[in-house]
Amino acid sequence: MDNPQALPAASGPEGAAAPAPSPGPATAVLAEPAPCEPSRPDPPWRDADRLVQAAIARATAGVSPIGLYQDCLDWAMHLAMSPGKQAAIVQTALSGAADGEEHQPGHGAPREDPRFTHRGWAQWPYRDYVRMFHRLEACWNAATSGVAGADPRRQRVVRFMGRQILDTLSPSNVWCANPEVLETLAQTRGFSLLLGMLRMQADAGDLCTGSAPGASPRKRRGFRVGRNLAVTPGAVVYSNRVMELMRYAPQTHRTWPEPVLLVPSWLLKYYILDLSPHDSMVRYLVENGHTVYMISWKNPRAEARDWGLQTYLDEGLVAALEHIRHEVGGKRVHAAGYCLGGTLLAVAAAAMGRRHTHRPWLKSITLLAAQTDFAEPGELGLFISPSGVSCLDALMWQQGFLDGRQLAGVFQLLNSRDLIWSRLVHDYLLGRQLQPTDLMAWNADTTRLPYRLHSEMLHHMYLHNDFAEGRLCVEGDPVTLTDVHVPILAVATERDHISPWRSVHKLHLLTHRELTFVLCSGGHNVGIVSPPGHANRHFRWKVRRHGESYLTPDEWIGRAALQEGSWWPYWQSWLALHSSAKAAAPRYPPARTLGKAPGTYVLEH
């Protein structure tokens with residue numbers, strides 16, 4: 001089809017645009033950014049401090065003991081002088097009203113605890129175990145929220161740490177208190193528990209060899225990059241010390257003239273967007289007539305310690321755009337960034353919007369589970385404090401990089417119920433090993449992060465929120481999203497532990513241009529990797545036109561259109577709407593390629 005699928009009414013289900021344009025929210029929120037000051041070198045005594053802090057960080061897995069002590073002390077002292085709050089906690093302990101209820105923020109309906117869905121939990125005495133455990137959780141939640149005078153962030157830290165301890169006490173984790181485990185044990189005559197113990201022994205061996213459970217070649221032998229992962233036909237067309245750029249030709253006779261550049265996060269490897277053929281975003285785009293370019297980041301070691309944000313902008317994103325524009329004759333580019341790759345794209349788009357006003361490089365930008373305002377980054381923000389960042393910064397300074405296994409441990413802790421405890425029950429107590437999937441194989445393929453880049457992101461984004469508040473500088477000039485003059489589509493996911501959708505929604509406050517916001521089902525990875533054909537998928541969408549009033553997240557939920565299925569066709573229609581008319585497929589001479597996709601950087605360990 002030469003004509004794109006028609007998009008629904010631009011202003012959402014209510015249909016009408018705002019009657020009179022008014023200054024966008026960003027105009028009131030963002031003041032004129034101050035001139036950038038040159039960075040100052042560290043004093044000579046700073047290295048001695050870092051050595052001591054790095055030793056402490058290594059012993060505490062990167063967590064600042066001083067910061068944790070301050071959080072606990074602030075909460076405990078304020079709770080100690082709050083007798084009314086103490087009485088309310090006792091009342092919660094004595095009341096059964098909160099039994100089994102787990103509420104999502106902003107929603108009144110309780111959410112069923114997936115740990116206790118087996119029919120056996122409804123019988124005595126197991127139902128009493130569950131009732132007591134939920135009451136204990138309710139007491140802890142009551143004790144670590146709403147304490148007058150205590151810092152809300154510090155209360156969340158204490159609640160999070162206590163929740164990790166409470167999860168170890170869940171009756172689902174105890175074989176003799178779990179009816180599903182006992183039923184399976186009887187059915188298999190004890191073989192399930194024996195099999196689970198053997199798997200536990202094998203995983204312990206993986207840990208001894210430096211591999212995380214599930215990340216060893218033994219567990220990933222069914223999936224290999226270039227064999228059944230990242231197999232969309234393509235070619236490496238450009239390479240430098242920071243990245244490889246791959247081009248995937250469209251698989252249709254007539255194509256959209258403007259190419260699509262995909263910018264993955266440097267936290268993990270690029271093929272999250274090119275998994276197995278049925279889960280590949282790249283394949284979906286080329287099958288719908290798009291020329292796709294993909295950045296594959298170098299897996300750095302200590303020699304890359306001084307690669308910072310400017311390096312990844314100049315030698316990464318800008319270098320890729322320059323090469324693409326040279327190949328396609330100066331056409332503008334649709335750019336899409338995933339996670340921190342989306343944050344990098346937003347920074348680059350703001351910088352280019354400030355400098356290339358008359359000859360823009362970008363046709364549109366799409367931000368996939370990417371934050372631009374880090375004031376409320378979810379549970380990941382619990383690890384971000386001046387003391388915590390200083391501790392982690394010293395550890396990275398000594399190593400020259402942040403190891404992928406260290407980062408994977410943090411992400412597992414953020415979602416410990418699904419990634420740690422449910423796996424313990426499933427693999428070890430029930431003796432049922434999950435079948436490896438392409439997404440699991442990708443998640444285990446960790447990368448390293450350069451010291452300077454990660455340090456700058458921690459300080460500029462998570463700790464000080466410089467980008468959202470107009471203090472982030474690129475080549476001496478402050479950049480803000482008010483300098484972006486192209487349409488933006490932002491995708492968030494409902495159960496994201498890394499980029500919470502309410503945090504992603506803050507993009508509405510940072511720009512007053514046309515903004516399409518899509519909220520889809522799933523988590524940080526599964527929500528984005530959502531090809532058509534998967535069951536139980538849905539998404540909401542709404543377009544905020546230039547000049548329309550700001551809607552809070554709850555207001556947005558009430559007015560957004562709800563649609564069943566994958567959000568990919570909607571995005572494809574949006575790209576088509578902002579593209580020129582289709583033309584004959586371009587031809588690229590083979591001599592200009594450097595090899596076949598997936599290239600070499602993705603294979604580095």
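Colleague: Where does asparagine 465 lie?

Modeller: Asparagine 465 sits in the loop between α17 (451-463) and β10 (473-474). Keep in mind that this is a predicted model.

Colleague: What is the phi of asparagine 465 near?

Modeller: Near 55°, a positive value in a residue other than glycine. Most residues other than glycine have a negative phi.

Colleague: Is asparagine 465 buried or exposed?

Modeller: Buried. Its relative accessible area is 6%, and the cut-off for buried is under 20%.

Colleague: Which residue has a positive phi of about 55° although it is not a glycine?

Modeller: Cysteine 339 does. Look for cysteine 339 in the loop between β6 (333-338) and α12. Cysteine 339 is buried too, with a relative accessible area of 8%.

Colleague: OK, stepping back. How many helices and strands are in the chain?

Modeller: The chain has 21 helices and 17 strands. It runs to 605 residues, and 52% of them are buried.

Colleague: Let's zoom in on tryptophan 266. What does it touch?

Modeller: Leaving out residues up to four places away in sequence, tryptophan 266 touches Trp297, Tyr312, Leu340, Leu344, Thr447, Leu449, Leu453 and Met457.

Colleague: Now helix packing. At what angle do α2 and α13 cross?

Modeller: Roughly 100°. The axes of α2 (residues 46-59) and α13 (residues 386-399) come within 7 Å.

Colleague: Which residues of α2 and α13 meet?

Modeller: On the α2 side, they include Arg46, Asp47, Arg50 and Leu51. On the α13 side, they include Ser390, Cys391, Asp393 and Trp397.

Colleague: How do α3 and α6 pack?

Modeller: Helix α3 (residues 65-80) and helix α6 (residues 152-168) pack at about 105°, with axes 9 Å apart. They are therefore roughly perpendicular to each other. Among the contact residues are Leu68 and Trp75 of α3, and Val157, Val158 and Met161 of α6.

Colleague: What does UniProt list for residues 46-85 and 113-285?

Modeller: The unreviewed UniProt entry lists them as "domain: Poly-beta-hydroxybutyrate polymerase N-terminal". In this model, residues 46-85 are 82% helix and 0% strand. The end C-alpha atoms of that span lie 44 Å apart.

Colleague: Switching to peptide bonds. Which one is cis, with omega near 5°?

Modeller: The bond from tryptophan 124 to proline 125. Proline 125 lies in the loop between α4 (83-94) and α5 (126-143). The bond from alanine 597 to proline 598 is also cis, with omega near 15°. Proline 598 is in the segment after β17 (595-596). Most peptide bonds are trans.

Colleague: Last one: where does alanine 249 lie?

Modeller: In the loop between β2 (243-248) and β3 (254-255). Alanine 249 counts as partly exposed, at 38% relative accessibility. Setting aside neighbours within four places in sequence, alanine 249 is in contact with Val286 and His290. The C-alpha atoms of alanine 249 and threonine 291 are separated by 5.1 Å, though the two are 42 residues apart along the chain.

Conventions: Residues are numbered from 1 along each chain as its sequence is written. This is a predicted model: local features need pLDDT of at least 70, side-chain atom pairs count only at pLDDT 80 or more; totals for chains, interfaces and linings use all residues. Side-chain values use heavy atoms; hydrogens and water are left out. Helices (H or I, at least four residues) and strands (E, at least two) are DSSP runs, numbered from the N terminus. Buried means under 20% relative accessible area, exposed over 50%, partly exposed in between (1.4 Å probe, protein chains only). UniProt positions are given in the numbering used here, feature names are shortened, and annotations may be inferred rather than shown by experiment. Contact means heavy atoms within 4.5 Å. Axes are lines fitted to C-alpha atoms, for helices over the stretch in contact, and angles run from 0 to 180 degrees between N-to-C directions. Angles under 35 degrees count as roughly parallel, over 145 as roughly antiparallel, 65 to 115 as roughly perpendicular and the rest as oblique.
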